[in-house]
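Have the sequence and the 3D view open side by side. The paragraphs below go through the structure one part at a time.

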Amino acid sequence: MRILILSFTLSCATLASADEVQLKGGGKVSGVVEELGDKVIVRMEHGTLTFPKDQVEQIDRAKSSVLQEYQQRLQTVDLTRIDQIEALLKWVDQRKMGNVGRDLRERLGRLRWDGLDLTNASQLEIYATWAQSNGLAEMAKAALKRALTLRREKLAGAAPDAEALYQLGLWAKTNNLPADALVLFQEAINVNPDHEFARRALGYQFYSGKWRTPIEVKIAMGLIEFEGDWMTPQAKEAIIASRTLEKERRLIDEARRRLEEERALSKIEFERRRAELDARAREIAQRLAELEFARSNFRPCEPVVVPVPPLPLPPPPAPQPPGRPPVPHPR
């Protein structure tokens, strides 16, 4: 703790005393300035900005700031005394210095913890309330855990008492220790299985003469679990039947859609074929008209008489010698 306080004090003492940085690109940033090598660090009320040194036009160290005043006040505070830290924290809260306030609260919380009697549950509970109100949730939880341990040790020294365990479980639940509360409720019904309030705190229900978990109650009522919900078997069958019918309806719609598409395609094919036949009929009609026109304008030609010369007569046959048969004359 002392090492942490010393390091915090030394780090604050190294900060520069001026607080305005003018950038080359325009604009100004106010805060406590620290120059580290090629960087300029500006610590503001709600955070820290770091700039490359070549982006800084100038640093005006003549103006004061809230952080600078805080640095000066911090030098006069004994960080091991609770009253002085509380006074400084009050001053910081009035000026809404968030980050600084959180640091001081954590420091104050550690000092208060160091001063506690860790065997006194009441002191631990008071500390937990203070820590919770100051945003120190982890410190508050640690104090409540310690207080719960002390209370359990006190119960362990006496005879088992279901009501005392239940009341301690309520205390744990109220103080945001739900896991510990469930353990204590279970221990209570281990001591007294019929402790109504411990049973109900664990979610049990009294049904048909016995304590049952919510699932056991639903089963006893004849319900079944289907897809994360509890329902009667008839309701489950109705859901399944409805989904089956819906699936069939979608299939029918799909078949109807395809039929309409086929009908449309058939109509297109019919129209295309009819157009082809009509075009062919027009082509034939045009050709017939042309032929009819040509026939109507046809004129037969006059016959031409070509004279044919007469054929020459064959020569007379030569006389045959006696005793020989006559030679037939060629014709």
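Helix 11 covers residues 233-296, and both Arg 249 and Glu 246 lie in it, three residues apart, about one turn of the helix. This is a predicted model. The two side chains form a salt bridge, with the closest N and O atoms 2.4 Å apart. Side chains of opposite charge can pair when their charged atoms come close. Arg 249 has a relative accessible area of 41% and is therefore partly exposed. Glu 246 is partly exposed as well, at 30%. The pair belongs to a network of salt bridges that links Glu 246, Arg 249, Arg 250, Asp 253 and Arg 256.

Glu 106 has 33% relative accessibility, so it counts as partly exposed. Arg 110 has a relative accessible area of 30% and is also partly exposed.

A salt bridge can also join separate elements. The side chains of Lys 53 and Glu 35 meet in one, at 3.2 Å from N to O. Lys 53 lies in the loop between strand 5 (47-52) and strand 6, while Glu 35 lies in strand 3, so this pair ties together parts that are 18 residues apart in sequence. Lys 53 is partly exposed, with 37% relative accessibility, and Glu 35 is partly exposed, with 36%. The count of salt bridges comes to 25.

What happens to a charged side chain that is buried? A salt bridge requires a side-chain nitrogen of Lys or Arg within 4 Å of a carboxyl oxygen of Asp or Glu. Arg 199 lies in helix 9, residues 196-201. Leaving aside residues up to four places away in sequence, Arg 199 touches Ile 189, Pro 193, Tyr 204 and Trp 211.

The next topic is the strands. Strands of a sheet pair through backbone hydrogen bonds, either parallel or antiparallel. Strand 3, residues 32-36, and strand 4, residues 39-44, pair in the antiparallel sense over five bridges. Within this pairing, Val 33 stands opposite Val 42 of strand 4. The two strands form a hairpin with two residues between them, and Gly 37 in the turn has a positive phi of about 60°.

An open sheet of three strands has the order 2-1-6, with antiparallel pairing. Strand 2 (28-30) and strand 6 (56-60) stand at the edges with a single partner strand each, so one side of each has no neighbour in the sheet. From one strand to the next, the twist averages 20°. Strand 1, residues 20-23, pairs with strand 6 in the antiparallel sense over four bridges. Gln 22 stands opposite Gln 58 of strand 6.

Gly 25 is in the loop between strand 1 and strand 2. Is this residue buried or exposed? Its relative accessible area is 80%, so Gly 25 is exposed. Gly 25 and Glu 57 are 32 residues apart along the chain, and their C-alpha atoms are separated by 8.5 Å.

Two helices can be followed in the same way. Two packed helices are described by the angle between their axes and the distance between the axes. Helix 6, residues 137-156, and helix 7, residues 162-174, pack at an angle of about 175°, with their axes 11 Å apart. Angles over 145 degrees count as roughly antiparallel, and helix 6 and helix 7 are therefore roughly antiparallel to each other. On the helix 6 side the contact is made by Leu 144, Ala 147, Leu 148, Arg 151, Arg 152 and Leu 155. On the helix 7 side it is made by Ala 164, Leu 165, Leu 168 and Trp 171.

Finally, consider the chain as a whole. Its secondary structure comes to eleven helices and ten strands. Of the 331 residues in the chain, buried residues make up 24%. Among contacts between residues at least 6 apart in sequence, 39% join residues at least 24 apart.

Note on methods. Residues numbered from 1 in each chain as written. Predicted model: local features only at pLDDT ≥ 70, side-chain atom pairs only at ≥ 80, totals over all residues. Heavy atoms only, no water. Contact = heavy atoms within 4.5 Å. Pairing = 2+ DSSP bridges. Axes fitted to C-alpha atoms, helices over the stretch in contact; angles between N-to-C directions. Parallel < 35°, antiparallel > 145°, perpendicular 65-115°, else oblique. Buried < 20%, exposed > 50% of the residue type's maximum accessible area, 1.4 Å probe, protein only.
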